[in-house]
Amino acid sequence: MTKSFEVKLNNKKITALYGESVLDLAKRNNFHIPTLCYHSDLEPNGSCRLCLVEISCNKGGFFVATACNTTVTEGMEIKLDTPKVKRIRKLNLEMLLSDHIQKCSDCNWKYDCELKKLAKEFGVTESRFSERRRKFKIDSKTPSIHWDSSKCIECGNCISACQQITGLDILKTEYRGSSIVFGPKDGKSFADTNCVFCGQCILHCPAGSLQEKTELPEVEKLLEKKNKKNILVAQFAPSTRYSIGELFGLEPGINLEKKLITALKHIGFDYVFDVNFGADITTLEEAAELIERLESKKNLPMFTSCCPAWVRYVEIFHHELIPNLTTTKSPTHCLACAVKSFFAKKIKVNPKRIINVAIMPCVAKKYEAKLPELKESYNPEINHSLTVREIGRLIKKHNLDIENLADSDFDSPLGNSSGAGTIYGASGGVMESALRTVSSQLSDGKINKIDFSEVRGLDGIKSAVVEIDGIKLEVAVVSGLKNAAKLIKDLKSGVVRYNYIEVMACPGGCLGGGGQPIPTDSKIREKRKAGFYTDDKEKPIRKAHENNDVKKLYSALDSKPLEGRAGRLFHRKFTKRRKK
Amino acid sequence: MDIIKALKESGLVGLGGAGFSTATKWQAVKDSCEKKRFVVCNLSEGEPGVFKDEFVIQRHLSKMISGIEIAAEFVNAQKSYIFLNDKYKYYQKKIEKNLKGKKIEVFIDNGRYLCGEETVMLQVMEGKTRQPRLKPPYPTNSGLFGYPTLINNAETFYRVKLIADGDYQPKRFYSLFGDYIPKKVVESDLSSTVEEIINSEKILSKIKFARIGGLSGCFLPRREFNKQITGTGSVEIFGKRRNVFNALCQSIIFLKNESCGKCTPCREGIYRIAEELNNISESKSLWDKEEIFSKIKSIAEAAKESSFCPLGASVANPVISAINLFPEDF
């Protein structure tokens, strides 16, 4: 079987690889074929019919085909941009545009719209057809997702993402033909389904039909500072700083934290703290909890619980695993509680005056912030959670050229983080942070290992065995909720055995989250990931338990991890949820 | 007997409309790598103008079932199915009586035209979305539940049995109906023309046009009735007082209702053609009509060339033939 063979593209002989599509072949050779519904994360749906080419097989006649799902074969001749192809794809786009009501002003794609780019490329200035989407549904009933079917172009990516990445079956098609609706099962709301709000459907929607439920109007109102008593605190996730630049034309993986802090202060925030600091708190609490469970041999394996979509998944589908979740709150909420307790006391302010706004690569965080169990220490702990996309729109609205702003630092005393806190956004980061602390504590400081590279990387399931002073710790790291389902199945059937498992619903971890800039694909996730580990290496402190500011926090709280005030502030309960 | 040799020599092709070589298809399934195989008899006959498979159930049921058994033995099938449109539910008892003791099962579905497309039929049998799958891979390689599956039309299986018995003649069933004629199935040569099928000067003299191949097929004016009938073998005749425009609207409304909605040129295109046909009936000037014709024709071209499956592609048949041959009827 030859692995490569020759084909002709635009009358030039080029080498094709066995099994690749015409689109892959063109991309590899720097030929441009316009696409709309194609996404490298998913099996090609072949629904938009815009990536047209003309091909001939074995000296037969030429016929029109779609490049995304046609496999290259020996003896194939491919022609791009023929007059026929141009004519037909222009008409297909024209029809799609009249299938989509333009609500550009608050669309996620506002600055980067694929439909508009293609219209420009194909020369479609206006559609000769009437808008046919007036009878549209808007579903805004959940805290995380905003679904507007008037913008849907029926590409099917949302269903593919939910099935192929998350492994759930939340979205379906209703009706047929031109009446077809792609949306939550039975055409109802997402609130009536078992959706866990991972937001992967949003990330793969090319038309802005699925977006996050925006909290920008409320946040903007707060920033206007009508109420002089409010103290506005912003906090952003480990991932946020490496992807915010993409919204301004920069490469993924560049750390723009110092510029982002300046931008946030400029638009009205009084203080900016680092969720990486919160991550260090989470590591300390979680490490302590793991050590306690290893000793008591109860409720093992322990699962992480900083991913709200994963937690919701357990609460709906695996009630029996709820005792295995760590009770430690997510980094955002640990930090938020530290703000409203420790920091409020420091600046002598009633915590009720503090407004915490989190900026996350996540849409499930919007749902997490509203959970009653995360309003027990303060009501609420996080007042608003924005996605990276939302803060991008807000910054642009203020006309800030983020690249050229001056540098600012995080505010003290909740701004310094260790390398362990930095890597939380990458799949394996929570695990590695915990291992750095656990290995040191279990060995009474003898083991000082920092790098646990076996748990790094974008693979869906990773595992490792860590030897600590005679104790064998078997760990696993999962990203992509579909992989979590497989792992749970293997765990239950005894195929695998672990003591501690990190689960992130989004591929690659939070860096591939539902609130991240669009597009997000494997190349971009890889670039974002590089940023985390580069910065981790350069941090003076790389372990959570060596973060002096965290030590000061605990000393001020007058407690140790898991106990007393820390036990109340940094731990939470779970709820069994009914499967719909 | 060497059934594959006999099939090859007879030149039998699928009689569901696509006309693919039966021997080649059978051999492909037999040669496939998987040990598990299936045979499915596609009796969805969703096209309203085609009723020859019903005729096979009524008159030649046991031969059809024998044909399925011959296929199952040749490809070594685990199990066989008869995919029955639920508009033929009436025949289910009769069919199942004839299946006693055989490894053949009836699968009933509420039909709908698209199930004539073999991958949609497989989707339905597997309980999945009623939308076509990408080909390749073909069902002969990856069909029911991913296994090699031999899918043939009901009449094809009947003809297979005739071949096996040495009784085969190169004929097929044509579905004939319309004005001045009672609905009937005519058995005639494979190369029959429209004139030969109608076979009556008196009736021929009263006809203005015919629709060949059902609601997804072409319109043919009287003067072209010496053409051979291809596809599903359906002939619907229209008298002199009839209007092609109305018949075209009927075709388009049908295709619009049957479209699955997956791809742009079919879902959007057929919707827009229906919209434009509405505009034509309201337009007064010839200039407006010409503009609408050209819009419709370009949508039909896009559908023909770039649709995901044959339903979208077929919309060009009624549209282009009606506009080109009978513009005065609009």
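Reply: The residue to start from is Ala274(B), which belongs to helix α10 of chain B, a helix made up of residues 264-282. The model is a predicted one, and every value below is computed from it.

Next come the neighbours. Once residues within four places in sequence are set aside, Ala274(B) has contacts with Ile252(B) and Lys256(B). Leu255(B) lies 19 residues from Ala274(B) along the sequence, and the C-alpha atoms of the two are 9.9 Å apart in space.

Chain B contains 13 helices and 9 strands. Its C-alpha atoms fill a box of roughly 65 × 45 × 35 Å along the principal axes. A compact globule of 330 residues would have a radius of gyration near 20 Å, so the 21 Å of chain B agrees with that expectation. Of the 330 residues in chain B, 58% are buried. Among contacts in chain B with a separation of 6 or more, 66% join residues 24 or more positions apart.

The surface of chain B can be described in two ways. As for charge, chain B carries 49 positive and 40 negative side chains, with the centres of the two sets 4 Å apart.

Chain B also meets chain A. The contact takes 30 residues from chain B and 28 residues from chain A. Together the two chains bury about 2,500 Å² between them, and 52% of this is on carbon and sulfur atoms. On the chain B side, Arg267(B), Arg272(B) and Glu305(B) supply 23% of the area that chain B buries against chain A, more than any other three residues.

Asn157(A) is found in helix α4 of chain A, which covers residues 157-166. Asn157(A) has a relative accessible area of 2%, so this residue is buried. Not counting residues up to four places away in sequence, Asn157(A) touches Cys37(A), His39(A), Leu42(A), Asn45(A), His204(A) and Pro206(A).

How values were computed. Residues numbered from 1 in each chain as written. Chains lettered and ligands numbered in written order. Predicted model: local features only at pLDDT ≥ 70, side-chain atom pairs only at ≥ 80, totals over all residues. Heavy atoms only, no water. Helix = DSSP H or I, 4+ residues; strand = E, 2+ residues; numbered from the N terminus. Rg over C-alpha atoms; globule rule 2.2 N^0.38 Å. Buried < 20%, exposed > 50% of the residue type's maximum accessible area, 1.4 Å probe, protein only. Contact = heavy atoms within 4.5 Å. Lys, Arg positive; Asp, Glu negative; His and termini not counted. Charge placed at Lys NZ, Arg CZ, Asp CG, Glu CD. Buried area = accessible area lost by both parts, 1.4 Å probe.
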